[in-house]
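Me: Hi! I have a new structure to look at and would like to go through it with you. Could you take me through it bit by bit?

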Amino acid sequence: MTNTVTEDSKHTDEDVLSKYRDEFVVPTFRQMKASAVSAELADTPCTYLCGNSLGLLPKRSKKLVEEELEVWATRAVEGHFDHPLGRNWMYIADTVHPHFAKIVGARESEVACMGTLTANLHLMLNAFYKPTAGRYKILCEAKAFPSDQYAFATQVSSRGYHPNDAIIALSPRAGEYTLRTEDIISTIKREGAQIALVLFSGVQFYTGQWFAMKDITAAAKAQNCVCGWDLAHAVGNVPLSLHDWDVDFAVWCTYKYLNSGPGGIGGLFVHEKWADLPVLEAGWWGHDPATRFDMPPTFKAIRGAQGFQQSNPSVLAVVSLLGSLQIFADAGGMPAVRARSERLTGHLETLIERSNFYVPPEKSFQAVEGVKVTIITPANPAERGAQLSLVFLPTGRGVMPRVLKGLEARGVVGDSRKPDVIRLAPAALYNTFEDVERAVAVLDEVLAEVEKEGVPQHA
């Protein structure tokens, strides 16, 4: 298959952010083991639309990590306080905090670069989930990311409650894929007196739905519920204003849209009104840095989010993240990133909807003839980020794994969520409109191949 670019995409791609693709290392078709790509294209960049799962390597991150390895080699322990490049390891997380604050809409004292998402989630739940006899429930979306489900279940169980009673997990209405904001808010109003904590994903990992965070937070606060957010798929993807929305706390990972690398360091937000909230799991890195190395026996927390730090952060993980955050800043921050993201994802949506294999999502619950695809992510750009989640029909008949295999062989990299979803997410900092067009052309080719081969009555 050859790459083609329409006149529309050439025009649309003439924007200031397109140059930032050169800041990233894009694997080649050969490196991604794309077996069905011609030899002349084998060493050209693949079509990578998987930044929702793992962002690509920023060249700046590679350089920064290599610099820190050299400092480790040549300065060893002295790098903590006498770093030749001015990045003393003692304060390495502080290089990230200003970037975090801008990306999530917070003050620097409200954010911390630390830990990993689920560990940070448990820290926040221990600090904010304070059940009483009458108010003990957690409201979340059904089929939240499994790690969140496990955290909720163990947290309520450790307090003596049964998850089936203490966790209210909202599902979409029959015949729909995503939750309606009105149903979330009506549940908060109806059950609010029993709800201790409202905690949804900012962007739902399976459907790609961006929840109405401002409105849901306001509804929770009106019922005196604590409101937190898992921003794994939202940070670096959609604009956030956590401070102004009066969010109590939030947690996130950084290896998706923030491109920090596999297993990269996490982040958290604690609203400044909780700056003096007791830290229940104290560690020395959360202690006042003015006396940290005096090793006093009594913990004195840094005010705000950074008081929840426990151990000193991995310098290599922090600077790997820093390289990407510098690119975000140079590109104009989230307003610029979001504007290009909307155009890229909108273009992807338009091309898929033009496909002969496309059916509207409401028809996906009905019997279909042949092989089809639909988009279950909301059509309204204000209700989604970069990701589109595609469902392949007929469901439950093994179509999706065959499509995924065909895409991989042709060097289109997305990811799958069983049983029937493939997620594609153009990243504004490194994807092109040509990537989007090639992905849809390949998708059509693969669907035609699967339809020709036939679909069994049972998977």
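Me: Great, let's start with Phe128. Buried or exposed?
Reply: Phe128 counts as buried because its relative accessibility is 5%. Buried means under 20% relative accessible area, exposed means over 50%, and partly exposed is in between, with a 1.4 Å probe and protein chains only. Keep in mind that this is a predicted model: local features need pLDDT of at least 70, side-chain atom pairs count only at pLDDT 80 or more, and totals for chains, interfaces and linings use all residues. Residues are numbered from 1 along each chain as its sequence is written, and side-chain values use heavy atoms, with hydrogens and water left out.

Me: Okay! How many aromatic pairs are there in the whole structure?
Reply: The search finds 14. Rings of Phe, Tyr and Trp (its six-membered ring) pair if their centres lie within 6.5 Å; planes under 30 degrees apart count as stacked, over 60 as edge-to-face and the rest as tilted.

Me: Why is the pair of Phe128 and Trp274 edge-to-face?
Reply: The planes of the two rings are at 90°, with the centres 5.5 Å apart, so this pair is edge-to-face.

Me: And where do those two sit?
Reply: Phe128 is in helix α4 (residues 117-128), while Trp274 is in the loop between β10 (267-270) and α9 (315-330), so the pair ties together parts that are 146 residues apart in sequence. Helices (H or I, at least four residues) and strands (E, at least two) are DSSP runs, numbered from the N terminus. Trp274 itself is partly exposed, at 29% relative accessible area.

Me: What about Phe205 and Tyr206?
Reply: Their ring centres are 6.3 Å apart and the planes are at 70°, so they are edge-to-face. Phe205 counts as buried at 10% relative accessibility, whereas Tyr206 is partly exposed at 23%.

Me: Which residues form an aromatic cluster?
Reply: Phe81, Trp284, Trp285 and Phe293 form one. The ring of Trp285 also has the charged end of Arg292 sitting over it, 4.2 Å from the ring centre. For that label, NZ of Lys or CZ of Arg must be within 6 Å of the ring centre and within 35 degrees of the ring normal.

Me: New topic: how big is the largest pocket?
Reply: Its volume is about 650 Å³. On a 1 Å grid over the protein atoms alone, a pocket is an open set of points with protein on both sides within 12 Å along at least five of seven lines, a cavity is a set where a 1.4 Å probe fits but cannot get out, and lining residues have an atom within 4 Å of a point. Grid points are joined across faces, edges and corners, and a volume is the space filled by probe spheres set on the points.

Me: What lines that pocket?
Reply: There are 36 lining residues, and Lys143, Tyr177, Tyr206, Thr207 and Ile376 lie nearest the centre of the pocket.

Me: Last one: what does Ser341 touch?
Reply: Leaving out residues up to four places away in sequence, Ser341 touches Ala386 and Ala428, where contact means heavy atoms within 4.5 Å. Ser341 is found in helix α10 (residues 333-354) and is buried, with a relative accessible area of 3%.
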